[in-house]
Amino acid sequence: MKKIVVFTGAGVSADSGLATFRDADGLWASYRIEDVCTPEALARNRELVIEFYNKRRKELLGVEPNAAHRAIAELEKYFDVEVVTQNVDNLHERAGSTRVTHLHGELMKLRSQRNPDLIVPIEGWEQGLDDRAEDGALLRPHIVFFGESVPMFDRACEIAASADVMIVVGTSLAVYPAAMLVRYARAGVPVYVVDPGEPDTSMIRNPLTHIKARAAEGMPQLAESLKGCKF
Ligand code: APR
């Protein structure tokens, strides 16, 4: 069975109503990364960081997967599919995708500040400021902050290298190392980019098709055409 690797960013969830980061109405227009998304911010201003992720979690609980998430999940009926996402939401899983690798962590999990392997699910949206893990340490969002290493990156590169087709949906390809993933597609593997904007595709060396459409329109169309495709 042919393998499709789908690499997604905030744009795939935009049609569900979640803000992206770098668009004009994106999160980084309202917040400074150094205030809410670095280990130093967590140490300096725990309340603001926890509140930022509580808001994201509350929003997530109020939205549903869109047609793009569903089309990606449905591809599993026809292909061997793996999703690698930069998103911390769980909309791929809720749409039915069974193999999802989160590069930047997961909103619905917390972890011990002392032991990065002590990861626990969170019920509901609210992390209390003083909530503690079983080891007694304070909990923190299970999020990869700027300046932190990306533990799932090596695994994601292996996945990318196993693709027969790569689909990139809704990412500006501006954040590293995640954006490097497109370089791990084997030579000649077709890469489809679904994005209404102008992501930085300059490092894609493979045959490239840019479908300039919103995820909820472009992704179902692409999925439909791939189903009938011999590649
Ligand atoms: N459908 C598809 N793509 C869309 C849509 C839509 N409806 N709306 C916007 N986009 C595209 C934009 O054109 C842009 O290319 O989604 C992309 C969003 O880019 P970013 O906001 O930079 O999001 P992303 O690439 O996921 O960011 C990477 O940066 O701060 C972080 O850790 C965070 O994982 C995130 C990383």
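The following legends describe close-up views of a predicted model. Local features are given only at pLDDT of at least 70 and side-chain atom pairs only at pLDDT 80 or more, whereas totals for chains, interfaces and linings use all residues. Residues are numbered from 1 along each chain as its sequence is written, and side-chain values use heavy atoms, with hydrogens and water left out.

**View 1. Strand β7 is enclosed by the rest of the structure.** Strand β7 spans residues 165–169, and five of its five residues are buried, so the strand is largely enclosed by the rest of the structure. Here, buried means under 20% relative accessible area, exposed over 50%, and partly exposed in between (1.4 Å probe, protein chains only). Strands (E, at least two residues) and helices (H or I, at least four residues) are DSSP runs numbered from the N terminus. In a regular strand the side chains alternate between the two faces of the sheet. In β7, V165, I167 and V169 lie on one side and M166 and V168 on the other, and all are buried.

View 2. Two strands are taken to pair if DSSP finds at least two bridges between them. Strand β1 (residues 3–8) runs parallel to β7 and is joined to it by five bridges; within this pairing, V6 stands opposite I167. Strand β8 (residues 191–194) also runs parallel to β7, with four bridges between the two.

View 3. Four bridges join β8 to β9 in a parallel arrangement, in which T209 of β9 is the bridge partner of Y192. Strand β9 comprises residues 208–211 and includes L208. L208 is partly exposed, at a relative accessible area of 35%. The C-alpha atoms of L208 and G188 are 9.8 Å apart in space, and the two residues are 20 apart in sequence.

View 4. Most residues other than glycine have a negative phi, and most peptide bonds are trans. The peptide bond from Y176 to P177 is cis, with omega near 5 degrees, and P177 is found in the loop between β7 and β8. L173 belongs to the loop between β7 and β8 and has a positive phi of about 55 degrees although it is not a glycine. The relative accessibility of L173 is 2%, so this residue counts as buried.

View 5. The space taken by the ligand is the largest pocket. A pocket is an open set of points on a 1 Å grid over the protein atoms alone, where a 1.4 Å probe fits and protein lies on both sides within 12 Å along at least five of seven lines. A molecule sits in such a pocket if more than half of its atoms lie within 2 Å of its grid points. Of the 22 residues around the ligand, F21, R22, T171, S172 and D195 come nearest; a residue is counted here if one of its heavy atoms lies within 4 Å of the molecule.

**View 6. Oxygen atoms of the ligand face polar atoms of the protein.** A polar backbone atom of A10 is 2.8 Å from an oxygen atom of the ligand, and a backbone N or O atom of Q86 lies 3.1 Å from a ligand oxygen atom. For D195, an N or O atom in the side chain is 2.6 Å from an oxygen atom of the ligand. The protein covers 93% of the 740 Å² of accessible area that the ligand has on its own, as computed by the Shrake-Rupley method with a 1.4 Å probe.

View 7. Seven of the eight residues of strand β4 (residues 105–112) are buried, and the strand is mostly covered. Five bridges join β4 to the antiparallel strand β6 (residues 139–143), where P141 stands opposite L110. Strand β5 (residues 119–121) also runs antiparallel to β4, with three bridges, and I119 of β5 is the bridge partner of R111. Six residues separate β4 and β5, which form a hairpin.

Note on methods: Polar contact = N/O pair within 3.5 Å; in protein donor to acceptor, adjacent residues only side chain to side chain. 1 Å grid on protein atoms, 1.4 Å probe; cavity = no way out; pocket = protein on both sides within 12 Å on 5 of 7 lines; lining within 4 Å.
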